[in-house]
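This report walks through parts of a protein model for a reader who is new to structures. Please keep the view open while you read, and look up each residue as it is named.

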Amino acid sequence: MTVLEQAGESGEAPLLEVRHVKKYFPIRKGVLQREVAHVHAVDDVTFAVRQGETLGLVGESGCGKSTLGRTIVRLLEPTDGDIVFQGTAISHFGTRKLRPLRSEMQMVFQDPYASLNPRKRVGTIVSDPMRIHNLGSRQDQKRRVVEILETVGLSPEHYNRFPHEFSGGQRQRIGIARALALRPKLIVADEPVSALDVSIQSQMLNLLGDLQNEFQLTYIFIAHDLGVVRHVSDRIAVMYLGKIVELSPAEELYSRPIMPYTEALLSAVPIPDPDLAEKRERIVLEGDVPSPINPPSGCRFHPRCRYATDICKQVEPPLVDYGNGHLAACHHPLNVDEATLAKVGVAEEHSPADADDTVLPQDTSGPSDPAVSPTPGDTRSR
Amino acid sequence: MAEPLLDVKDLKVRFATEDGIVQAVSGISFNLEPGKVLGIVGESGSGKSVTAMTIMGLTRGVNARFDGEVLYKGTDLLNVSDSGMQEYRGNEIGMIFQDPMTSLNPVYRIGAQIAEAIQAHEEVDKRGARARSVELLRQVGIPNPETRVDDYPHQFSGGMRQRAMIAMALSCNPSILIADEPTTALDVTIQAQIVELIGRLKDDFKSAVIFITHDLGVIAEIADEIIVMYAGRVVEQGTTRDVFYDPQMPYTWGLLGSIPRLDRPRVDRLHTIEGSPPSLINLPQGCKFRPRCPHAFEKCTEEPQLENRVETPGHLDRCWLDVEFKRNHRDETISPGSEEAA
């Protein structure tokens with residue numbers, strides 16, 4: 001029995017489970033359009049999301065975080081693996097079977113300029129989901145739209161305006177209003193704030209937080225900004241070339257990164273404090289993310305890793321649980337004491353294949369433990 | 001004090017549009033010494049890019065009106081003819097644009113685009129220009145420059161394209177490098193590489209740099225002096241330390257408080273600057289930040305001058321508030337919730 005199933009029986013069923021999901025895009029060439037290779041956009045990803053929590057997904061561009069987000073809400077069909085939403089495997093549902101699910105899971109897109117139909121009025125944009133799902137009468141729908149517009153900080157007089165009449169921040173609010181229209185349980189937000197100015201960005205982050213409290217929303221929050229992700233997330237998954245390489249309670253990821261890639265990502269974040277910035281030792285990752293068409297052997301991070309040894313080139317490290325729901329895939333884990341290492345080492349030899357079934361955090365007490373929250377200094381002193 | 005390379009005096013830029021006159025830049029002054037990095041921060045529409053493009057003479061047109069002076073080594077660039085500007089662009093002042101995807105020509109090879117800039121300004125043959133291109137690509141850290149010089153832009157990743165842009169901007173050894181949001185479109189890891197590269201090249205080439213960004217984190221790492229712009233105006237100006245450790249303008253506090261910071265404990269709510277920036281056609285009376293400022297009072301209906309109000313000379317701001325009051329109250333904005341955390 002896997003840990004996922006245990007959790008299901010213990011009463012706290014996760015809202016969403018992603019099991020060994022793969023998404024490959026074929027590359028076709030020649031007159032016959034033969035498949036010559038695949039882009040391994042998402043490659044065997046497993047995790048679970050509890051009701052009401054926020055899971056952050058971070059990684060560089062091209063790591064597959066957006067593809068994963070789109071696969072979860074089934075805008076894309078996974079090549080392999082299972083997506084289980086509220087106990088039902090939805091991985092291969094057709095359009096018709098997916099339709100009722102669309103009211104349960106919604107998406108907020110990155111670019112507020114491209115994701116709103118410029119020829120429709122705000123009222124129509126927000127009420128369309130309700131019309132499609134036949135929710136209430138026309139009057140009910142209109143009343144609800146006005147209500148949602150107010151919830152997201154727009155005013156009722158915006159009902160008849162077109163998207164071009166709004167600023168970037170306001171458009172993103174319309175995008176959020178549209179996602180909320182059907183009272184979904186899960187919202188996948190794909191870089192919802194990265195196109196916005198800092199002052200508008202903070203308005204939007206606070207709004208997303210308020211909405212989560214008000215409607216008990218569950219978020220999958222995709223972003224490349226580690227500061228933003230830390231601010232919103234309960235748990236964070238770090239992706240590299242289609243794989244989750246570290247999954248951890250939010251604060252712990254910052255105070256105690258295990259995977260060298262996470263360490264490098266954290267050290268690359270600029271700190272708005274000139275003195276700290278000067279003192280800080282920075283790990284500059286050489287080169288770019290390798291091609292996902294032909295990913296490196298063994299650990300996919302090894303060509304850029306400063307700790308890499310021979311084993312990293314040959315053997316792909318499994319995702320191992322280092323306790324407290326902190327998982328990482330690395331042969332040379334950082335910030336792990338001897339005792340944990342010994343314990344984990346045994347488990348690893350015992351059944352490496354099962355290791356990633358333990359992705360659901362076992363502690364049900366709460367996602368972030370205040371005891372492990374870092375002092376600001378030691379997050380980066382290493 | 002060394003002779004400033006660039007001395008901008010009370011530069012004003014206005015554009016006549018169908019809707020009215022857009023006051024894009026209303027009075028910005030600064031000077032730039034060799035080897036220094038000036039950071040310009042502000043939100044979209046604050047006039048930071050227009051300032052940079054005006055220095056390069058890229059905003060000229062029938063609808064544009066300029067006032068003030070842009071003195072480059074004593075010559076007022078605003079009065080140089082369009083053809084005369086060719087001598088300065090690229091040769092004396094190089095520019096890196098925000099989006100490396102759109103600022104490279106997709107149908108020409110990288111090497112040809114760099115060589116074109118070199119040949120435009122110097123008497124070199126094709127072979128010499130190509131050799132220089134290879135050398136420049138090597139300096140900006142492109143692996144195998146001998147072969148990559150013949151690649152097309154689409155064969156480069158985002159970070160490499162930005163490096164190629166930098167190589168192009170540096171091709172004629174300019175005295176000033178203007179970088180307009182050079183890292184905004186890039187991942188943090190690549191951003192770190194580019195910031196380090198610009199810092200290193202500044203020393204190698206002895207250039208002065210104007211670094212425009214909205215990211216205060218990047219500015220903290222690279223700038224010697226900072227200008228904070230709002231609604232076409234400079235609202236605060238000073239050394240990096242002044243602006244980060246003794247910020248005088250509530251707008252600067254707001255910017256500092258809005259970013260979720262990795263060097264501080266997590267807060268429940270971020271500080272927000274309510275509302276959005278004003279329209280540049282129809283600016284508010286008095287202090288332009290007044291409608292969004294939580295500390296606004298009667299006097300703010302009159303616009304404050306940019307002047308020195310603190311002990312440190314050269315640290316200028318545009319705010320009527322009492323310095324003592326500001327020092328006591330700004331932490332509520334800059335680090336919200338830090339009292340409980342401490």
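In this predicted model, B:Lys12 has B:Ser26 opposite it, and B:Ser26 belongs to strand 2 of chain B. The two strands concerned, strand 1 and strand 2 (residues 20-32) of chain B, run antiparallel and are joined over 10 bridges. They form a hairpin, with 2 residues between the two strands. Strand 1 (residues 6-17) of chain B also pairs with strand 4 (residues 64-72) of chain B, again in the antiparallel sense, over 8 bridges. Within strand 4 of chain B, the residue that stands opposite B:Val8 is B:Val70. As background, the strands of a sheet pair through backbone hydrogen bonds, and the pairing may be parallel or antiparallel.

Strand 1 (residues 16-29) of chain A is joined to strand 2 of chain A over 11 bridges, in the antiparallel sense. One of the residue pairs here links A:Arg28 with A:Glu35, its bridge partner in strand 2 of chain A.

| Strand pair | Sense | Bridges |
|---|---|---|
| Strand 1 and strand 2 of chain B | antiparallel | 10 bridges |
| Strand 1 and strand 4 of chain B | antiparallel | 8 bridges |
| Strand 1 and strand 2 of chain A | antiparallel | 11 bridges |

Turning to chain B as a whole, there are 12 helices and 12 strands. Taken along the principal axes, its C-alpha atoms fill a box of roughly 65 × 45 × 45 Å. A compact globule of 342 residues would have a radius of gyration near 20 Å, and the 21 Å of chain B therefore agrees with that expectation. Of the 342 residues in chain B, 49% count as buried. Among the contacts of chain B with a separation of 6 or more, 66% come from residues 24 or more positions apart.

Helix 4 (residues 126-139) of chain B has 14 residues, and from its first C-alpha to its last it reaches 20 Å, close to the 20 Å expected at 1.5 Å a residue. Which residues of helix 4 of chain B are buried? They are B:Ala129, B:Arg132, B:Ser133, B:Val134, B:Leu136 and B:Leu137. These buried residues pack against helix 3 (110-121), helix 5 (145-148) and helix 6 (158-170) of chain B. After helix 4 of chain B comes B:Gly141, which has a positive phi, near 85°.

Most residues other than glycine have a negative phi. A:Arg183 is not a glycine, yet its phi is positive, at about 50°. A:Arg183 is found in the loop between helix 6 (168-180) and strand 7 (186-190) of chain A. Because A:Arg183 has 13 C-beta neighbours inside 10 Å, it counts as partly exposed. In chain B, B:Lys206 is likewise a residue other than glycine with a positive phi, near 55°. B:Lys206 lies in a loop as well, between helix 7 (188-205) and strand 8 (208-213) of chain B. With 11 other C-beta atoms within 10 Å, B:Lys206 is exposed, since a residue counts as exposed if 12 or fewer such atoms lie within that distance.

Technical notes:
Residues are numbered from 1 along each chain as its sequence is written. Chains are lettered from A and ligands numbered from 1 in the order in which they are written. This is a predicted model: local features need pLDDT of at least 70, side-chain atom pairs count only at pLDDT 80 or more; totals for chains, interfaces and linings use all residues. Two strands pair if DSSP finds at least two bridges between them. Helices (H or I, at least four residues) and strands (E, at least two) are DSSP runs, numbered from the N terminus. The radius of gyration is taken over C-alpha atoms; the globule rule is 2.2 Å times the number of residues to the power 0.38. A residue is buried if 20 or more other C-beta atoms lie within 10 Å of its own, exposed if 12 or fewer, and partly exposed in between; C-beta atoms are placed from the backbone. Two residues are in contact if their C-beta atoms, placed from the backbone, lie within 7 Å. The expected span of a helix is 1.5 Å times one less than its number of residues.
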